[in-house]
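This briefing is intended to be read alongside the sequence and the three-dimensional structure.

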Amino acid sequence: MQTEQNSTDFIENDAENLQDFNQIIQQNYTPKDYEIGERIDKIATSAFENYSREQVKTWLETGELTVNGKAEKPKYRLKFGDVLQLNATLAEQQSDMPENIPLDIVYEDDAVLVINKPAGMVVHGGAGNWTGTLVNALLYHYPNSKHLPRAGLVHRIDKETTGLMVIAKDSQSQLHLINQLKDKSVYRHYQALVLANVGELVKHHTINAPIGRHPTKRTQMAVVGSGKSAVTHIDNVQEIFEGVSLVSVRLETGRTHQIRVHLSHLGYPLLGDPVYYDKRKTAMLLKHFNDDEKQVIERFARQALHAYELGFVHPKTGENRQFTADLPDDFQDLLDFLINS
C-alpha cells in the first residue's frame, strides 16, 4: 500500500516577498556602524528580512545582490561606505496547475485563509499525486498564490486526515506563520479514535520519541534513535467502547505521521489506520460485533484523525486567533455507532 506523501511537517523553505507580485525587485541597504565587519550573508538576511535565507544566498551566488555593484562571496565582511544593492527578478514559484476544486473555508481575510480539509485530499503534489491537491485548488481560487512557495502553505496534514489548516495569502504572512511553527507558538489540537483503554493511555501524557524513516519499510515512519525530535501531548481521554478511546492530542512538533507513529509505537494505533494498524487489536474490537456491524467499522478505511482546533498569532494584526471544526460526518457516524453499541 502506498503511503500518502503529505505530513504535518512545517514547510522549511520560507516565503519570498512577493506581496505586490512585481517582477523586479530593486532595494538598497546601507549597513549600520555596528554591522561593519560582519559577513554579508548575515547582514543581508537581516536587511532583507522579508526574504528567506536561502533566497538571499541564491541572490548572492547569482550576482543579483551586490556590494557597491560588485558581486561578493557570502563570507565577505562589510566595510565603511559599503552599500548592499539588490536587483532581482522574481520567478513564479509554481509548476502545479490550477484546478477548480471546492474549498471549505472557515475564515478568510487579506492575509490568511483557514480551511477545513476533507479526507482524501492530498495537500501538495508528490509521487502518484500530481492533481486534485490542495495546492491545485489554491492556484485556481487564488491565482496570485502562484508567486508563493507551495501556494502559501504553512504546514501540512496527511491525505486521509481531516481538519484545519492555515494558508498565507502573501509572502510576509507566510514567513511569519512559518516562524511561529518553528518557535511552537502555533496551537494544533486533534481528535483521534485510538485502539486502547483509558487506563492504558492516561499513563502517557507526553510522548517524546524521535521520528525518522522506517529502517526497512521505506514508505513508513517509525520511532528511531536517529530521527528528529518529536513531542506529542495527550490532553484528554474518553472511553467510547471496550478497547476504543476518543483522545485529544496536541502537537508540539510536526513530523511526518507523528500522531499515528507515536501512538502505534506505544501499541495503541488509530482506528482504521491502513498503514500503522494492529491486526490483534483490530480483531479484538471486531469480535464484539456481528457481520453487519463489522462492516460499519471496516468501511471506515482511513485513520480516525481530525485536526479540530487551530490557533496562531495573526501575522498582520498580532491578535491571537483560534478556530474549531466539527468532526466530519464519517468520523461522527463511527463515533455514534461505537457509543450506542
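Strand β5 (residues 112-117) pairs with β6 in the antiparallel sense over six bridges; strands are DSSP runs of E with at least two residues, helices are runs of H or I with at least four, and both are numbered from the N terminus. Two strands count as paired if DSSP finds at least two bridges between them. This is a predicted model, in which local features need pLDDT of at least 70 and side-chain atom pairs count only at pLDDT 80 or more, while totals for chains, interfaces and linings use all residues. Residues are numbered from 1 along each chain as its sequence is written, and side-chain values use heavy atoms, with hydrogens and water left out.

- G163 stands opposite A307 in β13.
- Seven of the seven residues of β6 are buried, so the strand is largely enclosed by the rest of the structure; buried means under 20% relative accessible area, exposed means over 50%, and partly exposed lies in between (1.4 Å probe, protein chains only).

- Strand β8 (residues 206-208) is joined to β11 by three bridges, and the two run antiparallel.
- T206 has H233 in β11 as its bridge partner.
- Eight bridges pair β11 with β12, again in the antiparallel sense.
- N236 has S248 in β12 as its bridge partner.
- β11 and β12 form a hairpin with two residues between them, and G243 in the turn has a positive phi of about 85 degrees.

**Salt bridges**

- The whole structure contains eight salt bridges, each defined as a side-chain nitrogen of Lys or Arg within 4 Å of a carboxyl oxygen of Asp or Glu.
- R250 and D235 meet through their side chains in a salt bridge (3.1 Å, N to O).
- R250 lies in strand β12 (residues 244-251) and D235 in strand β11 (residues 231-241), so this pair ties together parts that are 15 residues apart in sequence.
- Both partners are partly exposed, R250 with a relative accessible area of 27% and D235 at 39%.
- R302 forms a salt bridge with D330, their closest N and O atoms being 3.0 Å apart.
- This pair links distant parts of the chain, 28 residues apart, with R302 in the loop between α8 and β13 (305-313) and D330 in helix α9.
- R302 is buried at 5% relative accessibility, whereas D330 is partly exposed at 33%.
- Salt bridges that share partners join D158, R260 and D273 into one network.
- R39 and D41 also meet in a salt bridge (2.9 Å, N to O); R39 is partly exposed with a relative accessible area of 31%, and D41 is partly exposed with 23%.

**Helices α8 and α9**

- The axes of helix α8 (residues 291-298) and helix α9 (residues 329-340) come within 10 Å and cross at roughly 145 degrees; axes are lines fitted to C-alpha atoms, for helices over the stretch in contact, and angles run from 0 to 180 degrees between N-to-C directions.
- The crossing of α8 and α9 is left-handed, meaning that the near helix is turned anticlockwise from the far one by less than a right angle.
- E293, V296 and I297 of α8 make the contact with L334, F337 and L338 of α9, where contact means heavy atoms within 4.5 Å.
- The residues of this contact divide into five nonpolar, no polar and one charged; Ala, Val, Leu, Ile, Met, Phe, Trp, Tyr, Cys and Pro count as nonpolar, Asp, Glu, Lys and Arg as charged, and the others, Gly among them, as polar.

**Backbone and loop features**

- Most residues other than glycine have a negative phi.
- N68, in the loop between β2 (65-67) and β3 (84-89), has a positive phi near 55 degrees and is partly exposed with a relative accessible area of 44%.
- A151 has a positive phi of about 60 degrees although it is not a glycine.
- A151 lies in the loop between α3 (134-141) and β6 (162-168) and is buried, with a relative accessible area of 1%.
- Q174, in helix α4 (residues 171-182), is buried at 1% relative accessibility.
- Q174 and P149 are 25 residues apart in sequence and 9.0 Å apart in space, C-alpha to C-alpha.
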